[in-house]
Amino acid sequence: MKFSKLLLPLVTLLSVVRPGVAAAAAAADVIEEEVADPNFVPTREKPYNFKIDYLIQDLQEEITDQVIVKNGEVANVEYKFANDEDTEVIIVGVGGQLINPVTGDILANVTATQIGPLTIPAGESNIFIQKIGIDLNPDTYLFIPSIYVAFNDQLIGLGSRNQLLTVEDPTISFFNPALLFLEVILFGSLGGLGYFLYSTFGYKYIQGTAPTKKSTASAASTTSSAKSTAKATGSGSYDESWLPATHLKSTGKKVKKTK
């Protein structure tokens, strides 16, 4: 009954959703014995003897300052939770926030997602995975995880280290099917525009500047007319009408032969 009451506040936490930042969690059946720190002293900042760490699968083999993630991908955050307390702890959910690393403003909430419940006995550890769908504006974010547990009949929220995430858009291939479709539309539109301009302006311009058969036929007709005129005058190769009269008379006299 007490555990059921503890789950009621978690239902409220699970309703905190920001579109584009989805998360899912899965528990792994891996239990390891944990050596408790005998010198642990509870403080206000760390009141419980829990050790929580994580890596982002396929992107981290060890803790790094920055991780690059791509929009449209899923970041698998693998947590290792070590319980060094004297009593068991029950993990019931995981969530988090993405904030501006400079100003601290909250830019996105990672959906709180229920886990298990996953019980970790005293002195043991376990692994669970949080899946975060990336759909954000390309930028640098500070990821702050939140782990919700039931401990000593109380529902508490625990934190872990913060992680810088750089979100980038995926590289689009030239042969991407969606891009190919747009390319076909673009080239088809350009081809149609080119044909329209040619048929409207280019063809008429070419017709107005290029030589035609009609002008060639006119030149041939003029040459033929000149030849006909020359034959009609009997001059053979020239027209006598433009020669001086004295020249015509001298050519008409007969030359007498001397003996």
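Author: **Strand β10 and its surroundings**

Strand β8 (residues 139–151) and β10 run antiparallel, and five bridges join them. The model is predicted, with pLDDT of at least 70 needed for local features and 80 or more for side-chain atom pairs to count, while totals for chains, interfaces and linings use all residues. Residues are numbered from 1 along each chain as its sequence is written, and side-chain values use heavy atoms, leaving out hydrogens and water.

Two strands count as paired if DSSP finds at least two bridges between them.

Start with the pairing. In β10, T166 is the bridge partner of T140. β10 also pairs with β3, here in the parallel sense, over five bridges. In that pairing, L164 in β10 stands opposite Q66. In a regular strand, side chains alternate between the two faces of the sheet.

Next, charge. Side chains of opposite charge can pair when their charged atoms come close. The rule for a salt bridge is a side-chain nitrogen of Lys or Arg within 4 Å of a carboxyl oxygen of Asp or Glu. By this rule there are three salt bridges.

One of them joins E168 and K70, with the closest N and O atoms 2.9 Å apart. E168 sits in strand β10 and K70 in strand β3 (residues 66–70), so distant parts of the chain are linked, 98 residues apart. For exposure, buried means under 20% relative accessible area, exposed means over 50%, and partly exposed lies in between (1.4 Å probe, protein chains only). E168 is partly exposed, at 30%. K70 is partly exposed too, at 25%.

D53 and R161 meet through their side chains, 3.0 Å from N to O. R161 belongs to the loop between β9 (154–158) and β10 (163–168), and D53 to strand β2, so the contact ties together parts 108 residues apart in sequence. D53 is partly exposed, with 32% relative accessibility.

Strand β2 holds a partner in the remaining pair as well. K51 and D84 form a salt bridge, 3.9 Å from N to O. K51 lies in strand β2 (residues 50–56) and D84 in the loop between β4 (74–83) and β5 (89–99), so this pair connects parts 33 residues apart in sequence. Which of the two partners is buried? D84 is, with a relative accessible area of 5%. K51 is partly exposed at 39%.

T171 is exposed, at 75% relative accessibility. The C-alpha atoms of T171 and N71 are separated by 10.0 Å, though these residues are 100 apart along the chain.

Helix α2 covers residues 177–209 and includes F201. F201 is exposed, with a relative accessible area of 55%. Together with L193, F196 and L197, F201 forms a nonpolar surface patch of about 420 Å² accessible area. Patch members have over 30% relative accessible area and no salt bridge, with like charges joined within 9 Å and nonpolar side chains (Val, Leu, Ile, Met, Phe, Trp, Tyr) within 5 Å. The areas are Shrake-Rupley values with a 1.4 Å probe; for residues, only the protein chains shown count as cover.

Now the interior. In soluble globular proteins, nonpolar side chains tend to be buried together. A nonpolar core is a set of buried Ala, Val, Leu, Ile, Met, Phe, Trp, Tyr and Cys residues joined through side-chain atoms within 4.5 Å. The largest core has 32 residues, of which Y79, F81, I91, F128 and I147 touch the most other members. Another core, of five residues, lies apart from it and includes I90, A112, Y148 and A150.

Last, the backbone. Most residues other than glycine have a negative phi, and most peptide bonds are trans. D153 is not a glycine, yet has a positive phi of about 60°. D153 lies in the loop between β8 and β9 and is exposed at 53% relative accessibility. D58 also has a positive phi, near 70°. D58 is in the loop between β2 and β3 and is exposed at 77%. The peptide bond from G116 to P117 is cis, with omega near 10°. P117 is placed in strand β6 (residues 106–120).

Note on methods. Helix = DSSP H or I, 4+ residues; strand = E, 2+ residues; numbered from the N terminus.
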